[in-house]
Structure formats: C-alpha cells, structure tokens
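This report describes the pockets of one protein model. The reader may wish to keep the structure in view while following the text.

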Amino acid sequence: MLVEQLHHMGYGYGDIAILARYNKTLQRAKDILSPKIRCTNPKDYVINDALFLAVADVLELFFYGMADMPLYRLLKAQGIELKKNLLIDRPLIECLCNTGINPVDTLMGQVTADALAKAMSNIRTAIERAKKAKNMPELLRGIATGIFNLENHPVLSSLECLCDERAISSGQELLKLMQDMVLFSDQTRVKYEPHPEEVRLLTAHDSKGMEFPAVVLLSLDEFDDTEEERRLLYVAFTRAKETLVITKDRHSIAKLLPDLDGMVNQGGNR
C-alpha cells in the first residue's frame with residue numbers, strides 16, 4: 001500500500017495527501033484505507049454527513065412513526081451492524097422489541113444485547129429531546145447529543161444558519177428542507193478540522209492553495225487531454241513539497257502520460 005510505504009519512509013499520516021480528479025475515486029481509496037488508517041472524508045457535502053442523515057432520520061421517526069429504513073440507518077450510524085438480508089426477510093420493526101434487546105440473533109459480529117439496547121435508548125432520547133425542544137438550535141443539539149453525544153459540530157452550525165436564512169421554526173419544516181436538499185443533491189459543503197494524524201483525501205480542484213510533504217495522485221487516466229485539465233493536473237503536482245507518487249489504472253490509457261516524460265523520476269520524487 002502506497003500510504004504505508006510513505007509512512008515507513010518517515011512521513012506521518014498527516015503529512016500525506018491523496019489527490020484525485022473525482023470524489024468517487026477518493027471514496028474508493030477511503031474504503032480501502034479506513035479499516036486501518038485514519039483519513040478525512042472526501043465527500044464534504046452536508047447531505048453526506050452522518051450527523052445530517054441522523055437528524056433527518058430522527059425527525060422522520062418523530063413525525064411519521066417507526067419505519068425500517070431510518071431506524072436501520074440510525075442503528076448503523078451507532079455501530080450496530082445488521083444482517084444485510086434482514087430487511088428483505090422480515091421488517092426490522094418486527095425484529096426489535098421496545099427495549100431494543102430482542103431478538104439478538106438478528107445481529108451479526110460481536111454486537112451484544114447491551115449495545116443494541118443502548119443504541120435504541122439513544123434513539124428514543126433523541127426523539128424525546130426533539131419533542132421537547134423550544135427552538136431549532138435546541139432541537140438540533142438535542143438530536144446530536146442523543147445519538148452521537150455531540151454538542152458542537154460543523155453540520156449543526158450549517159443547519160442552524162439554514163434555519164435562520166429560511167425562517168424555519170419547526171421540525172417538520174426542517175425535515176422537508178433536508179429531504180429537498182438530498183433530493184436535489186444540494187452542494188452545500190461543510191469544513192472539518194482535520195486530525196493531525198489523518199491522511200487528507202482531496203480532489204485536485206479542492207487542493208488549490210495547500211501543500212503537503214507527500215502527495216499520491218490517483219488515476220492519472222481520469223484527467224482529459226485539454227488545457228484546463230493540464231492546469232488542474234499541474235495544481236495537483238505542485239501540492240507535493242517533497243515526494244509525489246502518480247498512479248494510473250493499468251487497463252486505461254492516461255492521455256497526459258507523455259506530458260510527464262522527464263518531469264518525475266522513477267522513485268516519484270519531484
């Protein structure tokens with residue numbers, strides 16, 4: 001793994017950035033890295049954030065009653081892994097009693113009855129806090145603390161600003177807005193403060209103005225043979241202060257590969 005190789009060369013994980021043309025490529029990298037190596041979320045859109053989805057799911061359960069999918073997502077967000085075929089075999093509601101303990105045999109891995117009960121209790125707490133909230137900030141923080149024990153988060157600030165801008169004063173109005181944001185692929189982004197030991201995952205475009213000791217550029221073949229794409233590729237290259245590693249799909253043609261002749265050496269140092 002390239003990241004591990006760079007780490008063994010003396011780079012801290014926080015010194016390493018992985019760049020790509022598209023978010024989908026970065027997401028694949030995250031899926032490979034995340035079990036072992038801490039890395040940032042390449043999709044920094046508000047609608048993709050776990051807290052955003054949890055707020056919408058809690059509001060849906062509050063206003064429309066228990067339903068399988070929002071309950072499933074809320075349990076999964078808290079680390080409760082359910083069998084993949086669970087919702088096909090029978091409704092999730094049938095599998096979970098009000099205490100959230102029975103039947104435990106619907107779970108996979110090492111999840112215990114106590115863990116399931118705690119997750120269900122958190123969901124009930126979040127719903128109760130949403131019910132008792134007197135204003136939108138109180139509603140949002142009640143849900144965030146109920147599910148994730150978070151009092152402050154960039155997504156909370158973003159949603160509060162949206163409520164102020166749209167003069168939203170009820171949970172139902174907020175839920176409708178959030179559903180519309182997902183439906184129309186809202187591009188509002190949220191900025192997270194990276195952990196000093198996280199590998200950064202960024203598109204070439206988003207990396208403008210940043211520099212890192214070591215950069216891995218994924219999938220050179222995703223850059224087209226145009227002047228605009230050449231400029232973007234140059235931006236990606238110049239993010240590396242010391243070491244630049246370039247990769248391509250062995251089954252694809254990298255149209256800009258001839259342009260790199262003589263620019264980098266075999267070891268990848270700039």
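A pocket is an open set of grid points with protein on both sides within 12 Å along at least five of seven lines, and its lining residues are those that have an atom within 4 Å of a point. The model examined here is predicted.

The second largest pocket has 15 lining residues, and those nearest its centre are Arg28, Ala29, Ile32, Leu218 and Thr247. Two helices, H1 (2–8) and H2 (23–33), each contribute at least two residues to this lining. Helix H2 provides the largest share, namely five residues.

The largest pocket has a lining of 35 residues; Thr40, Asn41, Asp49, Ala50 and Tyr192 lie nearest its centre. Two or more lining residues come from each of helix H3 (50–64), helix H4 (68–77) and strand S2 (200–203). Of these elements, H3 gives the largest share, with five residues.

Which element supplies the largest share of the lining of the second largest pocket? That element is helix H2, with five residues. In the largest pocket, the corresponding element is helix H3, also with five residues.

Key:
Residues numbered from 1 in each chain as written. Predicted model: local features only at pLDDT ≥ 70, side-chain atom pairs only at ≥ 80, totals over all residues. Heavy atoms only, no water. 1 Å grid on protein atoms, 1.4 Å probe; cavity = no way out; pocket = protein on both sides within 12 Å on 5 of 7 lines; lining within 4 Å. Helix = DSSP H or I, 4+ residues; strand = E, 2+ residues; numbered from the N terminus.
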